[in-house]
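Please prepare a briefing on the model shown below, covering its strand pairing, its annotated repeats and its salt bridges.

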Amino acid sequence: MARIFEYFVVCGIGPEIRTLDGNRGFHGTGVMYLSSLLDQFPPPNHSLYPPPPPQLSTCVLPAGVEFYSSGFDANDASTSPRSYPIVLTEGDGSKIYVSCIAFRDPVSEDIAEAYHIPANSFADKCICLVSRLPSFRAIRSALEELFLLCFSPNGSSKPLWDVIAHIVSNVPLPNPGKDRVLFAIENCLLSVEAPPKDGLPHADISFQPLVQCLDVDNLIKLFVAVLLERRILLRSNNGVDYIDAPTPYMMGLHSGVDTSGLTMEGVVVVDLEYNRITTSEEIPPIPEPERSSLREEIMQLLYPNVVGIDQMDGPYNASEKSSICGNKPWGEDHDLKLRLIFLKFFASLLSGYRNFIENTASQVFNTQAFLRRRSRSTNQPSEPMITQFLESNGFLDHLERGLGSGENNNNLLDKLQDAIGRGQNPISILPSSLVEPEIITISDPDVGISGSGAKYTYDRFPSNIRTEEQEEKRRQILAAASGAFQYSGKHTPSSPSILAGKSSKAEKSLSPLERAAERELMVLDIKVKLQGLWLRLLKLGATDDPLSSFEYGTILAMIESDAEGIGGSGFVECIREHIHSGWHCLLTQEQFIAVKELLKTAISRATSRNDVMTIRDALEVSAEMYKKDANNVSDYIQRHLISISIWEELRFWEGYFDYLMERSSSNSTNYASLVTTQLIVMASHMVGLGLSDTDAWYLIETIADKNNIGYKQFIKLRGFLSHTQQLRVAYWGISSIKAQSMSSLGLASPRSKEVMDGNQPPAEASGVGRSWVQSMFSRDTSSRSNSFSRVRRWASDSGSSASATNENGTPRKHDLSAAGQKRIQTNVRILRGHSGAVTALHCVTRREVWDLVGDREDAGLFISGSTDCSVKIWDPSLRGSELRATLKGHTRTIRAISSDRLKVVSGSDDQSILVWDKQTTQLLEELKGHDGQVSCVRMLSGERVLTAAHDGTVKMWDVRTDTCVATVGRCSSAVICMEYDDSTGILAAAGRDVVANIWDIRAGRQMHKLLGHTKWIRSMRMVGDTLVTGSDDWTARAWSVSQGTCEAVLACHAGPILCVEYSPLDRGIITGSIDGLLRFWENEEGGIRCIKNVTIHTAAVLSISAGEHWLGIGAADNSMSLFHRPQERLGSFSSTSLKMAGWQLYRTPPRTAAVVRCVASDLERKRICSGGRNGLLRLWEATINI
């Protein structure tokens, strides 16, 4: 049963307290601390439900958790609970809707005692309801009732967590347009329903705040800005629920945040408080007559009692002028009418657009012809607003979703245009509201049973019942925290200044007495002068320019002219001591820039001396200055320092990590947790510096891999980094500053000039980072093509072989073989025939059709299935007439295809399997027996067919008798992927139940249930005794089929893994993910490790097909690539030494704009074919002479 509420989650201060910058322990009030996930339902050990997103606790309390000396005060509005919604976008693009209530709750007694927190202290806590349904009102109402029930003086009739468990477990998801679900929380009755699928999209928010805050002209201007996908910043003192924006370029900001110093080029700032819209780029107006018509209809809706002066019958009466919507309050009918007004505007603006749709490889819509036709009809030149709209991603997506999908009757725009043409009422296109939905009532039979009139009251939000293991872990963490606090009271840790003093003493003991005395006097003199200059720099007036001041010039000269680095390290130490003495880092914009320029110079000079300690201290000082600065200067942490190349050096971050570990090491702390905590600190610095997501992740991944942390910690790190990157990009944009070459000043870099090749393919590795926030305020999408490949190549100089390096084969220009460097003529053909999206694609291999005579002529054929319910056979050898046959018989979308020497078999959403004769195209058999759509088919020897479906069953069929021989496997949910070894009779299947099942068909028994994944299993590959599975939990796993054990967890992707491949020649694994990364894993004695990353694809990798020497890849952005591994020659050790790293990028064809759903490869003939949502097949053939 699908449920409305997926989770109930509580976040706040847990037993392990850390500040936002990673410092352990309690550091007083006024400091922000990391939020932790405290409780949840369903519990984390529940096998049927995957865990909530790892970044949820950070997202619901993005500013962190603060401690207070008092709780809720009715006279102080700042202490009141806060209710707000958020939307999270997962790596696969799906959205999670969360309703939150944040409030002050007493700190647990055991936590307060362990960390010596003052008695009767309070801290922020947040309770959340998580749903996949965008019914914000229902989710918020349910959460508010739970909150009120908890703190109600009357109490509840059953324990609060029992109430939570009931509504999360038992309230079903309503069928769109058919059901209305009623459920109760104590004595409050709530309801939820979803609109029909053929109606307007679900929008459970009101447009009333917009029409109240903006006049009609500004409302239209905002609408145009959204339509043209401008970057929009909504400013308001009150929360506005426009969080699920129609484009990925909208976000909200409180009016109290000062943005005067921000670079807002191209950003449309909408101030809802003052009815004002400002932008540096002009928003083109809507052309006439559409603009006048749109404005008039909106005016009639908002001000129905206000008419034109020429329409007044008598004297004007001011009392007749009504407010918005007259005397009738704004309601759902007004929201509906407003949406219909805008839909009518689209129908008029795009009149006749369907005549200009072209289903070709080069373009989907003939924009120029449409504009010429409109210019002739309106007798006006082409309008910029229409031109920009026709080039927008929203319009292109609308076209692609409608092309040949077989669902044109659900296109409301086309329906409305037809209705207007027939003179019908526009409201007639919507589904009838006369049919009352079926009422589904969910009751709680346990209410009032637990005791006679028993009431449960709480003075704080209660904790859920913990298991013995959870309780023991909590006690251990608190005991370790209590011991660390007592130790820190007796031993003061060494500060950098103390360490510098120790260094000076060591130098004194090693140097002559006179020289040491002179140097000590010089150091003291420099520090005294720096202190005085620093204080005078801070006292400059508002009219003074710090960059032109005597103080700035003198400090700069002391840093640059000092060969021993006393000036730079002394300046950094001067700032650190000033901060520790209580300075609040209040700087003007000019002072902030001056200080950052001085720090940049100090770091550059320290880099030339290999003075890592000064670089490290400057980094921490820079971050601390920003965190304490209340003026909110427009520089996110250390972004001003991004041009220094030291931040790309893996060796620097490895040294900094070792320093953090030494400073925070504790024998009583779990090592993996300690490593993860320090890597989180490093990730915060990397994000602040402006390092790209892929650069930062590679550096963190490399260090984490060397320290052998678990895959769960990998996922936690990936989620944290992606979230913090999103926050940075959302507020400050993607930095386009490129690191300058520091070869004259920097550490000796092993990078060669050839590596710094500007022709490298773009790298983009973040699935979470692809969400809508990452595009906020980004002017140039090309800035995402970062230095990820460059960073990886010089990592090998660190002396470690535990991570991917350029020696291990990251493809670069001069690594390609001689054959690969030759300019090989490629041929890309467009195969037309389907009228709907291509949903299944199969290549006929030599193994399928081989017989005693030898190879048959149909080896190398491609067979495709589509939403147009047809199966088509294509022969690439017949250039110009590739379509060989069309097979019809299904009534719904084709999902799976297989073949052998004589037959073609297909499975469909119509729950049937059809078998055709390949030569005569005659329909031979129709196999029926599944109760769900068929997802997998496989032709076997002996006239048998193996099928799997969403009903959870795997069936064996005998084609000769048209019967189901047996149901050979059963899963508890839909089967998505299946593998079968015909030589051993071993069957593996998996899907939505997150379990990989293995059966021995010949013995008629189930061998193993492989548990470990926490989300849907999307792909699998079985070769011999090895089974590889890829899942939506961002991990792939390698299993032993005979033993039923997990041999390795591969957890370095940033999104769901859609395809996996196994190379039996070298026992290597290849994984492709929605993050666009292709990872090569090598099996060694110490386990499996990633030795190579390929980043040439920028969208989800859909298909991996591996042969002995060739590898074909296809991605969702219509990009394809062919890899080659040279054959081993006599006297050469290339195959054994390179193994998986020996794969080299051979060729990739030109990319065209299309959305691909499926890919198939014919490696024997070097062909790759992709099927798009526009119904076209794109066949790429690399003609290679070997």
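Methionine 939 of this predicted model stands opposite valine 945 in E24, within a pairing of E23 and strand E24 (residues 944-949) that is antiparallel and extends over six bridges. Strands here are DSSP runs labelled E of at least two residues and helices are runs labelled H or I of at least four residues, both numbered from the N terminus, and two strands count as paired if DSSP finds at least two bridges between them. Residues are numbered from 1 along each chain as its sequence is written. Because the model is predicted, local features need pLDDT of at least 70 and side-chain atom pairs count only at pLDDT 80 or more, while totals for chains, interfaces and linings use all residues; side-chain values use heavy atoms, with hydrogens and water left out.

**The four-stranded sheet**

- The strands E23-E24-E25-E26, in that order, form an open sheet with antiparallel pairing.
- Its edge strands are E23 (934-940) and E26 (963-970), each of which pairs on one side only.
- Neighbouring strands of this sheet are turned by 20° against each other on average, direction ignored, where the axes are lines fitted to C-alpha atoms (for helices over the stretch in contact) and angles run from 0 to 180 degrees between N-to-C directions.

- E16 pairs in the antiparallel sense with strand E15 (residues 838-843) over five bridges, and histidine 842 stands opposite isoleucine 863 in E16.
- E16 is also joined by four bridges to strand E17 (residues 870-874), the two running antiparallel, and here isoleucine 863 stands opposite isoleucine 873 in E17.
- The hairpin of E16 and E17 has three residues between the strands, and in this hairpin cysteine 869 takes a positive phi near 75°.

- Residues 1010-1049 are 0% helix and 60% strand, with end C-alpha atoms 13 Å apart.
- Residues 1050-1082 are 0% helix and 58% strand, with end C-alpha atoms 11 Å apart.

**Salt bridges**

- The whole structure contains 37 salt bridges, each defined as a side-chain nitrogen of Lys or Arg within 4 Å of a carboxyl oxygen of Asp or Glu.
- Glutamate 882 forms a salt bridge with arginine 829, their closest N and O atoms being 3.0 Å apart.
- This pair links distant parts of the chain, with glutamate 882 in the loop between E17 and strand E18 (883-888) and arginine 829 in strand E14 (residues 826-831), 53 residues apart; both glutamate 882 and arginine 829 are buried.
- Aspartate 459 forms a salt bridge with arginine 460, the closest N and O atoms lying 3.9 Å apart, and aspartate 459 is exposed, with a relative accessible area of 61%.
- Glutamate 1164 and arginine 1165 meet through their side chains in a salt bridge (3.3 Å, N to O); glutamate 1164 is partly exposed at 39% relative accessible area, and arginine 1165 is partly exposed at 26%.

Terms used. Buried < 20%, exposed > 50% of the residue type's maximum accessible area, 1.4 Å probe, protein only.
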